[in-house]
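Open the model in your viewer and keep the selection panel handy. We will walk through it one stop at a time.

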Amino acid sequence: MQPRRVAVLGGGPGGLYAARLFKLAFPSCEVAVHEQGEPNTTFGFGVGLAAGTQRKLAAADPDTLRDLVAAGRRHDMTLRVGGHVARVRNDRLIGVARTELLAILQRHAEKAGVILNFGARRSAAELDADLVVAADGVGSATREQGPFGARIEPGRGLYLWCGAEFALDDAVFAPVRTEHGVFVTHAYPYGTGHSTFLIETDEDTWRRAGFDVTPGDTDSDEVSLQYLADAFAEQLRGHRLIGNRTRWSRFRTVHCERWSAGKTVLLGDAAHTAHFSIGSGTKLAMEDAIGLVEALRATGDRPSAFAAYEAARRPAVERLQELARRSRLWWESFPSRMHLPVERLMVAYMTRAGNVPLERFAATSPDVVSAALTQYAGTPPPADGLVDWVLDQPAAPPEDLVTIDDVVTDPWDETGDAVVARAREAREQGAPGFRFTGPGDRGAVLTRLDLAERVRLEAGGVILVAGPAALREDLAAGLVSARADLIEETA
Ligand SMILES: Cc1cc2nc3c(=O)[nH]c(=O)nc-3n(C[C@H](O)[C@H](O)[C@H](O)COP(=O)(O)OP(=O)(O)OC[C@H]3O[C@@H](n4cnc5c(N)ncnc54)[C@H](O)[C@@H]3O)c2cc1C
């Protein structure tokens, strides 16, 4: 399809990148971006761009990627618990300031001939164009007012996004226990002298700390920022936490039944979001832009192009949303795992969503995995065949394990509460532990391991999880991560 006039609503990463790619693909087309903010003002601090994203951006637009990489800061990743540290090397993960990211994308859009309009809030309906890209972010009015079948799933925990004026050496995941409960930071360096601090907590802790009633009329929640600066003093090394319209929020996962209607197509956070703990929002928005322009280039008319865009992008988006959902549940229940040695906790973190197989992780971080396996088995692992070795360790199960075959989607919701209550009762009546069984598909087995972990932590006893031999790697990761004590391989 050859559009004559394209209007892009929203000058975030998705909108700006889409505008540039449109103009490069269709030079005679008029492409305009309408952004309500001013060019040099934005919310937020740094965003992470991983290796896979960089590869896709390199293929679509090497010039833009070159500038993004030059502005980024590479970092490794560390988990710090109670003075113990596990470090994972990551050669191509970079953090870029959101201001810098947007400045680069604005510059490249303008260079390609895109018209940038700032400072006025617009609506998709009023834009005069034969194709409107609604890249108006997570709060998208276009999505809310349109026939897109939107569904918003709020997270259980609360988070705030702030920054500090010094560069951490590495990305840091660190919990801190205060008199009110546990706060966890996901922090990483960006630019030359800055770091993002994303801090999350559970609702009870948040209420106990009085954050549900902190002042509502300031730009940022300074009371919380001061409290958290004291709590994370060690990580902050004497620096303060800086807000930028920083408030406690619940993460909202956006799903839409359809991404287009008439001449309007949703892109980026407007169409879908994925929990921040997998750091993929910017990646998804920019990859949507690539997918949309490719679909328009390849397909004859607008409805077919929109359908091709959605068909190409939806599977990748939904796969990441599912990873993000598992990751969110893991972080929301993180305080219950703080007793684990830090290397085992790192394995639990890496395998939390089923995305990083144990042996692949061992190949990139042999020291961490070897330490975790030694902690798990009490003896050092061999150089090869880790999965077999892990699964060979445990002893025979005790007799009279009580079977639990409940199928749940979220082990930490009320269906999980009911399983835990039953398990506690069974333990009081002398049950030695539980045998978790159920469907053999991968999603069900991963969730079963999570439910087993929760029962292990809250009811105790010996925990056996049954699962197909084809999923041995997930089952082995479950043992090392303390989600289960024993595995029963089924056909
Ligand atoms: C706490 C937190 C941490 C995150 N960390 C990461 C990370 O590490 N890595 C990562 O990749 N992503 C991260 N993200 C997500 C990332 O910020 C977003 O996914 C990304 O910015 C989405 O890009 P977008 O272009 O779709 O939307 P946005 O960046 O939200 O841009 C939308 C733009 O539209 C404008 N707009 C909205 N309505 C109108 C209107 N009516 N008229 C004109 N303009 C309008 C807004 O002003 C805004 O500039 C994080 C998000 C959060 C909340």
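Helices (H or I, at least four residues) and strands (E, at least two) are DSSP runs, numbered from the N terminus. Axes are lines fitted to C-alpha atoms, for helices over the stretch in contact, with angles from 0 to 180 degrees between N-to-C directions. This is a predicted model, where local features need pLDDT of at least 70, side-chain atom pairs count only at pLDDT 80 or more, and totals for chains, interfaces and linings use all residues. Residues are numbered from 1 along each chain as its sequence is written, and side-chain values use heavy atoms, leaving out hydrogens and water.

**Stop one: a helix pair.** Select residues 442-458 (helix 16) and 472-480 (helix 17): their axes come within 10 Å and cross at roughly 10°. The two helices are therefore roughly parallel to each other (angles under 35 degrees count as such). Now show R442, V445, L446 and L449 of helix 16 with D474, L475 and G478 of helix 17, which make the contact (heavy atoms within 4.5 Å).

Next, find the open sheet of six strands, ordered 8-2-1-9-17-16 with mixed pairing; two strands pair if DSSP finds at least two bridges between them. At its edges, strand 8 (115-118) and strand 16 (260-261) each pair on one side only. Select 5-9 (strand 1) and 30-35 (strand 2) to see parallel pairing over five bridges. Here V6 has V31 of strand 2 as its bridge partner.

Technical notes. Angles under 35 degrees count as roughly parallel, over 145 as roughly antiparallel, 65 to 115 as roughly perpendicular and the rest as oblique.
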